[in-house]
Amino acid sequence: MSEAAGLRDDIISKLYVELAKFPAVATRNDHYLALAFAVRDRLLRRWVASAQRVLTERRRTVIYLSAEYLIGPQLASNLLALGLDTAARTALDEMGVSLDELVEHEEEPGLGNGGLGRLAACYMDSLATLDYPAVGHGLRYEFGIFDQDIRDGWQVERTDRWLRNGNPWEVRRYEIEHKVKLGGHTEHWSDEHGQHRVRWIPERVVKGVPYDVPVAGFGTQTTNFLRLWSAAADEEFDLDAFQVGEYWRAVDAKIRSENLTKVLYPNDSSPAGKQLRLEQQYFFVSCALQDCIRLLTSRTSIREFPDTFAIQLNDTHPSLAVAELMRLFVDEFRLGWDEAWDMTRRSIAYTNHTLMPEALETWPLPLMQRLLPRHVEIIYEINRRFLDEVRARFPGDEARAARMSLIGEHGDKQVRMAHLATVASHHVNGVAELHSKLLTETVLRDFAELWPERFTNVTNGVTPRRFMALANPRLAELITDAIGADWLKDLDALAELEPFADDPGFRDDWLAVKHANKVDLATWLRGHHGLACDPSSMFDAQCKRIHEYKRQHLNLLHVIALWDRVRRGEPLGAPRTFVFAGKAAPAYRAAKLIIRLAHGVAGAISEDPRTRGQLRVVFVPDFSVKNAQRIYPAADLSEQISTAGMEASGTGNMKFTLNGALTIGTLDGANVEIREAVGHDEFFLFGLTADEVEARKRAGYRPRDVLDADPELARVIELIASGAFSPGDRALFAPLVADLVEKDRFLVLADFRSYSDCQQAVDAAWRDQDGWTRSSIRNVARAGRFSSDRSIREYASEIWRITPF
């Protein structure tokens, strides 16, 4: 029997035995679920075999702790990994079902939000593909952060009900559950040997139950998994309360416990929101570490923990793993403090993802004392011993000790989570060369001076399986026809493309692929969102989380300047479509105003007959992995324009580059390395450097001086202030204008003229389509280093010290 025939029979069988349907009445969702279950069966066989190998060979396993995993739709990804995409298409064709429609039907898991979660998903893909054993621990959110609607130009958040039709890829482990304590108090006593002991008496207990999602390696049998924890009440139903008519109290514990994993990143602007976030972070790291210990002690001693597990903290969200691991070692297994601390330090490494001090997570000490009393005691003891080390190394420097303390003493006392993670980790890494350098010169400078050997860099990467093979099958096929298929597991092989930049026939094929992708995006935008754009125009894309430091408003200032030139009768340049996409945090008013401004500008331009066929702005709602896979292949120009020194790395820049877009950007994050890789002549550079940004601020930056010196920029600001993009409402954008004119913390105005001039160079380059296509090919050929496979090899050899199967 052929592979396609076997898969078809399994799909039909799943309709009957899993869904209780026969083919004639099966819906599209039924067909999707049946195919997913058939594919999952094949995944599970590989997964079980991989688990057996881990147990048999006793290899050190990566335990990746991340608050989010933006894994994207799973069906097409798993078909690709298993080599079943052609068989599935054939099997479904024979049933009169379209594979493309089922792939489109799949709901995207609401387990992540932005670059942090997508990086974690790329790394899990690469870990499996490179045959490294790994488990990714996180939370099984019942609802994602939100689905984004646009109403009257404003972002409106809608509940992301991603589980409403079930999740066929997950396996609930009913036999595993871990109890997580919250609140209460501690009791101290001496045991029979005179040793000091601590008992934590909690106010309440929440139960963690795991749901496992397999992660298949590409071109290998290795299959790892995500273990996502869901919260449940220790006692879900109070029968006594129910019997006396107190129905709410009968289920109160169930509701309160399950709230813990209801929503990704609950709004923390209120005390209740802050507590819920802290509970989430502690809950998942406690479940993860208890689960590691469960597996370990079933076959060996607790003292083997550091040699069995390599724990990686993906940013500060899992930092409580430090105190929790110490609690488990000291309180539950009665290890001495020094031995427990040595084991903790040998187990944990920390990845930092931000240079902004306000983004380095801290928790109010009273909240921590109320919710995690034992952990506060442990953190204080870690801090006491750590500050003794600091004072011994830098005697008399109390200012340094105060800066480095795990407890912030300025104003209300705060627990500094980045400091806790740094003190406990054997390695601390940044995520781009510039970021890692600035990390040791700014927010973690004191720690780098104390322990320079601990600090290193691992530049981020992206998986070519999803963001090239799946997102851009036309380009993937063209590349494979030219250089073979090895590049999907060895992205450095893309270098073999470079000679093809001089092949006229190949350039024509490359250009045809890009145009077809643009037609696809334009068709989808019109059909799903009523947005019109011309595929023959340049697609200029800025697609990422909306934030002031990412400077979507700098892009918009340039768009307004172009419109103003048209209004003044000046030549515009080549036709261009500006594509924006991204979500703003629900409580982030300034970011929401930027979205509203984008829609105001789009409306004004579309209504102006002078711009028809020349200038267009579209905002793509609800940016997600699925929507990103439509945009990256179609983009001609990638906007990476954050304030220098603000972006840790970025991975959208890599995804655009690998899909043939040229980049306009600052020397920020991984832009620096992309420019070095593709060549200075292939990158449109503008703006202040990180050092120049700091120098301008130190010198007393005055944004009004910039306006006074630039009449065009002054007109742009006046257009916004006048109500030109807010139906005459001058007050609407007043906060945005005031912030730019009075403060301009992210030097938008300071970089405007350099940006505008650079855009003229972009326009000139675009007019030479043959030269642009050569540059596009060279960009892809030189971008092999930005694979997540390279990143994982560096983590494995330099930080985790693990070997593949």
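**View 1. Lining of the second largest pocket by residue class.** In this predicted model, the lining of the second largest pocket divides into 17 nonpolar, six polar and 11 charged residues. Ala, Val, Leu, Ile, Met, Phe, Trp, Tyr, Cys and Pro count as nonpolar, Asp, Glu, Lys and Arg as charged, and the others, Gly among them, as polar. The volume of this pocket is about 1100 Å³. Of its 34 lining residues, A469, L470, A471, N472 and P473 are the closest to the centre. Two or more lining residues come from each of α3, α4 (85-94), α5 (99-105), α19, α20 (473-483), α21 (504-529) and α24 (625-631). The largest share, six residues, belongs to α20. A pocket is an open set of points on a 1 Å grid over the protein atoms alone, with protein on both sides within 12 Å along at least five of seven lines, and lining residues have an atom within 4 Å of a point. Points are joined across faces, edges and corners, and a volume is the space filled by probe spheres set on them. Helices (H or I, at least four residues) and strands (E, at least two) are DSSP runs numbered from the N terminus.

**View 2. The largest cavity.** A cavity is a set of grid points where a 1.4 Å probe fits but cannot get out. Five cavities of 30 Å³ or more are counted, and the largest holds about 260 Å³ of space. Among the 20 residues lining the largest cavity, Q74, S77, D125, V215 and R466 are the closest to its centre. At least two lining residues each are supplied by α3 (75-82), α6 (115-129), β9 (204-216) and α19 (464-470). By class, this lining has 12 nonpolar, four polar and four charged residues.

View 3. An automatic or database assignment gives the domain bounds: domain 1 is 58-73 + 108-460 + 793-800 and domain 2 is 537-768. Their centres, taken over C-alpha atoms, are 35 Å apart. In contact (heavy atoms within 4.5 Å) are 30 residues from domain 1 and 37 residues from domain 2. The two domains bury about 2600 Å² between them, 63% of it on carbon and sulfur atoms. Buried area is the accessible area (1.4 Å probe) lost on putting two parts together, summed over both. Q148, W154 and M356 supply 24% of the area that domain 1 buries against domain 2, more than any other three residues.

**View 4. Salt bridges.** A salt bridge has a side-chain nitrogen of Lys or Arg within 4 Å of a carboxyl oxygen of Asp or Glu. The structure holds 73 of them, and one crosses the interface of domain 1 and domain 2. E157 pairs with K592, the closest N and O atoms being 2.8 Å apart. R28 pairs with E101, with 3.2 Å between the closest N and O atoms. R28 lies in helix α2 (residues 28-57) and E101 in helix α5, so this pair ties together parts 73 residues apart in sequence.

Residues are numbered from 1 along each chain as its sequence is written, and side-chain values use heavy atoms, with hydrogens and water left out. Local features need pLDDT of at least 70 and side-chain atom pairs count only at pLDDT 80 or more, while totals for chains, interfaces and linings use all residues.
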